[in-house]
Amino acid sequence: MNVITAVKAYITKMIEESEPGMKILLMDKETTSIISMVYGQSEIQQKEVFLLERIDSGNNNSNSGLRYLKCLVFLRPTPQNIDLLSKELRNPRYGAYYIYFSNIVAKADVKILAENDEQEVVKDVQELYMDYLAVNPHLFSFGLSTCMANWKTFTLQRSVQGLASVLLSLTKCPIIRYQKFSNLCHELAQKVDELINKESTLFTFGQSSQPLLLILDRRCDPVTPLLNQWTYQAMVHELLTINNNRVNLSKVKGISKELAEVVLSAEQDPFYAKNIYLNFGDIGQNIKELMEHFQEKAKSHQKVESISDMKAFVETYPQFKKLSGNVSKHVTVVGELSSMLSEYELLDVSEIEQEITSQTDHSSHLQSIRKLLNPGGNRKIRDLDAAKLVMLYALRYRSHSSNDIGGLIKMLKKRNVSEYLISSIDSVLKYAGRYAQPSEIFNVVEAVKITKRLFKGLNGVDNVYTQHKPVLNEILDEIVKGRLREDLYPRLGGFTSQQINSRSQDVIVFFIGGVTYEESLTVHVFNKNNPEMRVILGGTTIHNSKSFLEEANETIRANV
Amino acid sequence: MAESQSDTHIQEGFLCPVCYKDLRSRSNLIAHFEDFHSEDQDLLTSIKELVGKAKKKILKIDENDLEPFKTEISFQQFNLEYNEPQEPGQNRSHTEFFKNVRRERLDHRTSETNRLIIRLDKLLHIHGSDRKQQEQELVTWLDGTTVSRCPCCAATFNITRRQHHCRLCGSIMCNPCSSFLSHDVAKMIVTTVYTDMNNLSSKTDDNLRLCAHCTNKLESRNQVQMLQGTQPLICQLYNRLQKIKCDLQSSVNLYEKMFDSLKSGEDTFHLQDAQSLRSSIAQQAEVLDVISKQIVAIATESDQPKVLLLQNAIRRATTQYIKEYLLVLPSPTDLDKMRKGRVKTHSQNFEQPNSLHVVKIAVTTGWSPENVNIEQTLPEMSDDPLMQQINIVRNYIHQARLANRYEEVASLEENLKFLKNTYQMKRVNSDFASSS
């Protein structure tokens, strides 16, 4: 189960099944992102695809056709796309069309296209199910930034399609379980089930064991998206925001033009692939090694004295150039991260965050937050971090008898924290609402666990900054033990006695309302520790704390 | 990364004593040995002893010493986890359905178009003053009294907006909704032989009035015909480019095979051969570079920015191909030193195996050496048949090398070695005989 492999295999199939020749790839906005997640432009050029074009770019009506080009069409089967493609086929600009849809397309739509193909330019029409963004081998997203507020109008439908394509691309026909408290989960589970039954011929695979699709609601764990992160990918997303593998650095002071936007793709960047799950300390060490390696290379390039030196230089130059681009990219990113760390005192902030999430000591927690928020203390922490700390405190101690949420909010107001952030505190509390009880979202309460934690602490395994474990961790543990509770995570149509005990090895966990890179890391570690299990994680989007606050606010506003 | 590491650290304990191939683990080595050198039973026992010694040694080694080894293994597992084979995803084809729908529709359309062309042909042969009447005999004109509005634009017919008939299908429309087909163009459509557009004179009085539907059908047919059989320069150059790339791929594969073989200390291939293959690859790379430059240099019209983009993209892809696939091929020069060192150490440790198998040249690629008249080329040749054979084989090797057939060179070399051995043996025997 690897979503990147699945998407890559589809793209290879797409390119190889059209006959050789110069090709252009015609896409829509979403399919462009789908492809760019796994292939760079230079890679795809090696496969004879020299031009890329958007079908919805609007300037396609110039009739300067290039009839000697073959056109690969890769589109989502939306009504707009069918319409645009029909127009294209009526006045074809290219010699041959190979049409691939990213999902199930209606027969009626195929008919419309066929009727418009008067010049017989279409050679192939296929469904290749890659209707999702493959982020990491075990992580996918649908790129729906505000999910719950647009549930009825759009995101439910899109999630059903997306999940169907994930299942088809991995050839899995699962049993579906969902989080009971959430209507959204129930609805999505039902729709996916309906689709599987309707397209039963597509969903027939020779499965050795029954996979599991578990649909969760972000509201079961509003804590994880609020925390500062310390592993490379999660940290970059939290502090600099990763958007479809791209990081915008244009706001960094004195940035050169070619580094204004950098691509972080584990598929094309071995250094990133190696460090994606490592914590910041290790990355610092690795980047030092990378620099040294680079300098060594650079030094050997400097002494070009003889003809043979020259030849060696020319031969290794392309690799050298590539390496130097890579080095400057990571040095810039890590440099920016570390300057943000010290500027915003994120180490101190994170320490308190972690303590609130995983220890029980109300008075000392309140004390430390007050100390950080104190305006006289000349601290430079960001308003965002200050507000998030209060949110965590509020989530943790909202039912504590002597809590002082009001007092902390007053302190925030004194700091001139924006109205948006202050109202977000209320939104997050409402968002978590009656669903996420402190006892469930903070992994601290049970006595057994505390002793376990102590034990861990004695072994020195836990790092102060990575004490927090997402709710997902607990759920995965229950799955592997075959003990996921039926009353909290029911199955559509109930269980047969045989199914209760059957343990799924292939698990797809999907979060309505977005997933986080911390949870992705959890799954990565889980897969490594349980080689017999294969877990894939997905979400409507991938949140950092900023985007999560937006989503929470939108959700409360739309009153879902 | 793991690969490059494993390439540089040859683990001496797991070299095959016969072919010096590095097999990296005990089980691999034994399997390899049983597969390739099973005849040499005594050697097999010796290798088992050797491995046993190594095993004892390894077992004695402190755990710490094995740490890098272990991490290497776990790293490989890490990679495996991500590259585990995966069933290809589900897919569904609508091509059949699409083509059926299209065929139904196009059959209808094609027969319509053909009918129009036949009528057009007949219309062109109408001459004389009663043209209108003849035209009506050919195509029944619609009765004008029943039509009060133009079917195209829905405007009411009156004194100023008069009814007109399409000469091909007889339907009615108003003047703005009709179009005209000149006689010359009509002739061109009918004969289908391409004639130069510029020579066409347009006499407006000869034009045929047509409705929009008929015009559309004739035009799209015409367009399809015009596009057939023309291949722009860029396509020709691109095809050449692809052909060379395709040829190069096999050379690169062969080179990599030769390089690996040389590096692991085998003497199947010659260093010079590797070098000359490499330089021929470099020459081809230059040709690629030149062609891609030509593609960029093709003049484009300013209204076609896409063509320019395409040309640049091809150029970029080609330079990248050269940089990343051809220039990075390892140079054989440092192999030379490596190999010399290895040969020295191993020739002391192991005896050459005494039975050599003559490998017949398997000419799968259709190449075979020419028969050279031996008498002519080598007049002073000895009459010993073995010597003759040796010379012939030498000649073949020479030819094979000229033709860049390095795999044949390798197998021929083996033949030669065998022949030489036999020759030597014979010489020794005969010396013995004469001395005794």
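**Chain contacts and other pairings**

Analyst: Glu118(A) and Arg109(B) form a salt bridge through their side chains, at 3.5 Å from N to O. A salt bridge here is a side-chain nitrogen of Lys or Arg within 4 Å of a carboxyl oxygen of Asp or Glu. This is a predicted model, in which local features need pLDDT of at least 70 and side-chain atom pairs count only at pLDDT 80 or more, while totals for chains, interfaces and linings use all residues. Residues are numbered from 1 along each chain as its sequence is written, chains are lettered from A and ligands numbered from 1 in the order in which they are written, and side-chain values use heavy atoms, with hydrogens and water left out.

User: How many salt bridges cross the interface of chain A and chain B?

Analyst: The rule finds five there.

User: And which strand gives the largest share of chain A's side?

Analyst: Strand β5 of chain A, residues 122-128, with seven residues. Strands (E, at least two residues) and helices (H or I, at least four) are DSSP runs, numbered from the N terminus. The side of chain A that touches chain B has 28 nonpolar, 16 polar and 19 charged residues. Ala, Val, Leu, Ile, Met, Phe, Trp, Tyr, Cys and Pro count as nonpolar, Asp, Glu, Lys and Arg as charged, and the others, Gly among them, as polar.

User: What does β5(A) join in chain B?

Analyst: Three bridges join β5(A) to strand β1 of chain B, residues 91-93, and the two run antiparallel. Strands pair if DSSP finds at least two bridges between them. Within β1(B), Ser93(B) is the bridge partner of Gln126(A).

User: How many residues does each chain put into the contact?

Analyst: Chain A gives 63 residues and chain B gives 50, where contact means heavy atoms within 4.5 Å.

User: New topic. Which strands form the open sheet in chain A?

Analyst: The order is β10-β11-β12, with antiparallel pairing. β10 (242-243) and β12 (261-263) are the edge strands, each pairing on one side only. Two bridges link β10(A) with β11(A), residues 246-248, and Arg246(A) in β11(A) is the bridge partner of Asn243(A).

User: Back to salt bridges. How many are there over all chains?

Analyst: The count comes to 36. One joins the side chains of Glu519(A) and Arg218(A), at 2.8 Å from N to O.
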